[in-house]
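Hi,

Here's the structure I promised to pass on to you.

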Number of protein chains: 2
Amino acid sequence: MSKLTGRDPSLLRRINSTVVLRALRGTTAPAALTLTELVRATELSRPTVEGVVEDLIEAGLVAEAADAAARPGGTARRGRPARSFRFRAEAGQLLGLEIGPHRVAAVLSDLTGRLTGSLTREVDETAEAEARLERIRGTVAELLRRTGTARDALRAVGVGTPGIVEADGTVRLGTALPGWTGLALGERLRRSFRCPVLVENDANAAVLAEHWKGAARGVDDVVMVLAGLSPGAGSLIGGRLHRGFGGAAGEIGALHLLGREVTPERLLSTTDEPLHPLDEAAVARVFAEARVGDGRARRAMDRFLARLVHDVAALVLALDPELLVVGGWASGLDGVLDPLRAELERYCLRPPRVVLSRLGDTAVATGALRVALDHTESELFTVEGAGTAG
Amino acid sequence: MSKLTGRDPSLLRRINSTVVLRALRGTTAPAALTLTELVRATELSRPTVEGVVEDLIEAGLVAEAADAAARPGGTARRGRPARSFRFRAEAGQLLGLEIGPHRVAAVLSDLTGRLTGSLTREVDETAEAEARLERIRGTVAELLRRTGTARDALRAVGVGTPGIVEADGTVRLGTALPGWTGLALGERLRRSFRCPVLVENDANAAVLAEHWKGAARGVDDVVMVLAGLSPGAGSLIGGRLHRGFGGAAGEIGALHLLGREVTPERLLSTTDEPLHPLDEAAVARVFAEARVGDGRARRAMDRFLARLVHDVAALVLALDPELLVVGGWASGLDGVLDPLRAELERYCLRPPRVVLSRLGDTAVATGALRVALDHTESELFTVEGAGTAG
């Protein structure tokens, strides 16, 4: 660090500020830290810590804890108790958005990712891009209004949506939603916010969410399959999202084409006509009929399962994850797990554990929130060249 | 660095030694560095550099350049020319081994990876593990003898072989070679050498080789397919080998099972009987017949291609690499490339570039050598906590 700090006092100030914020991160009112504890935690001098804390209070990121004596482990000393400080998680809000074929959803959190509100709205699967954008804008406006959140309090917005998404948030290719291919989604949404807007593929967002709060907590090599009619997958490798060279990793929707047009909507049909490509209600009916023993529905289900096993096996053989999380449909997937496990045992040299999504239909919006949180954390808690400090 | 160096003088010495070696790495006789140049390159003090250089000369890793005046750019000064020093790439040798179904191969290099010899021997595809091990031992012994290399000069041995390989070099699962599953290959080979022996999956070794010296130079997101009768794949993600959670990433051999037993040996057969699973000569005959227009052979070839496209598409959709390298058969693959490209264009949202292996049947042994070189470089040129020094 010596070279850096000798040359750039403002960088030094930022590093110190980051180190103090990190020490305070996650400290809520009862767990606030005194100056003495901060000096010990940061290895900075007391005057430096005092200066940094004053700056952070001024910036609204740190507050003096209301009742220092109430701290657990805080011994009741005589005289004036030492002042203690906490991170102001309420200093900003983060937004996670899902823009999907059938609905849009928004979740709101504080700067530590603690949920403070959510709202979901249906949208017609045939809606054009403008109508869909209008729907998400309206949903966000209503969520902010209901929770009494000022738009200026937003520090970052994450978005999860189907398709191949460029780094700037443009949808390079998105066949699941009308008018989605080529849409400058990030740019369009940025007009509604004064903070960064980060767009991510929906399956990528979903795997981040399951890793954060769901079925993949503590597991760093994960494939998550969104087993819908327009299937997709997101992968973590060594705890990091694998987007692929062109952002198209896990776009397994085309795999079924290799099987001579045996699309999910055809496989799941109990008539000679395929289902509508996005009619998930029809899918739920087939699943339900299969459960009560209807012969045609069970055969349709078997065909669909063979297809799903094939797609999933391809992903598993390519990536060899520790854990496979299956999600994407609100209902009906519970019957999928056992046959999927049995088939993967047959085909994979080292089959992964197979579990259901724990977050269900909140996975994409939650993952989008995680994207916003990651962005904010990297802003607040890391400084280039001091990434491992604290 | 200050914390480290204040506490551990031997670590400090190692760091300084590493820094000097790095500065000298790749310097061959005409490009040797003077003490003054080393002081400038390392930012160490002159007495420190002098001490380190003396130590490295004693350890045999550095030599005084024979003719300092001959250096390009070395100005002819009056009086005695300044002494200059170079890395002794000849101070040790590295070995890369391939142990495959039909042959074993060994390549030898100096400490910079410059080839100094190679030897290939056929082995029967039905040979048991002991016979195969004996074959590679004999090949190594003959290569060392022919090149006049002392066994003690070996600093590391890399090995590439089919199967899922554990970190300690045990083959967890290897169906391509008789008696391979469960073989403690690393341990068995270590008895023949006094240096580290590192075992890697053959397709993983091959992709490392193509990245180092072949078709994937300068490309960091690569899938390499060994399109043999027992197909496999190796992947680089961000320039690093992706082994998977259990070392099974890219083991796509089972994918054909999903297609109802349509194995390559059945697809490529021009009679009712499948080919022998490892009979690559028969494959070459089918390829040759197809090229001269034989109908049955062409249909067999088409069936095989459809299969290959399927397996490769699965990998590409899962990983989204920048480049796909196709190798694994000595001959016949040139006709595969164009149809493969056309089909990938159809099925992949973002199709990768598709090229043939440049290293051909030397890819696996070359990659094994790269594994040995990586090990040695990390020994010589990196110190924990000083990984970015120099």
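Below is what turned up in it, starting with the sheet and ending with the rings.

One thing before you dig in: this is a predicted model.

Start with the sheet in chain A. It's an open one with 5 strands, in the order E6-E5-E4-E7-E10, and the pairing is mixed. At the edges you'll find E6 (115–122) and E10 (197–201) of chain A, each of which pairs on one side only. Going from one strand to the next, the twist averages 15°.

In case strand pairing is new to you: strands of a sheet pair through backbone hydrogen bonds, and they can do so parallel or antiparallel.

H5 (residues 129–147) of chain A lies across E4 (93–99), E5, E6 and E7 (154–161), and runs at about 145° to E6(A). H13 (residues 363–381) of chain A lies across E4, E5, E6, E7 and E10, running at about 145° to E4(A).

Last, the rings. How many aromatic pairs does a search of the whole structure find? The count over all chains is 0. But have a look at A:Trp212: the charged end of A:Lys213 sits over its ring, 4.4 Å from the centre. The charged end of A:Arg370 also sits over the ring of A:Trp212, 5.0 Å from its centre.

Cheers

Key: Residues numbered from 1 in each chain as written. Chains lettered and ligands numbered in written order. Predicted model: local features only at pLDDT ≥ 70, side-chain atom pairs only at ≥ 80, totals over all residues. Heavy atoms only, no water. Pairing = 2+ DSSP bridges. Helix = DSSP H or I, 4+ residues; strand = E, 2+ residues; numbered from the N terminus. Axes fitted to C-alpha atoms, helices over the stretch in contact; angles between N-to-C directions. Contact = heavy atoms within 4.5 Å. Phe/Tyr/Trp six-rings, centres within 6.5 Å; stacked < 30°, edge-to-face > 60°. Lys NZ or Arg CZ within 6 Å of the ring centre and 35° of its normal.
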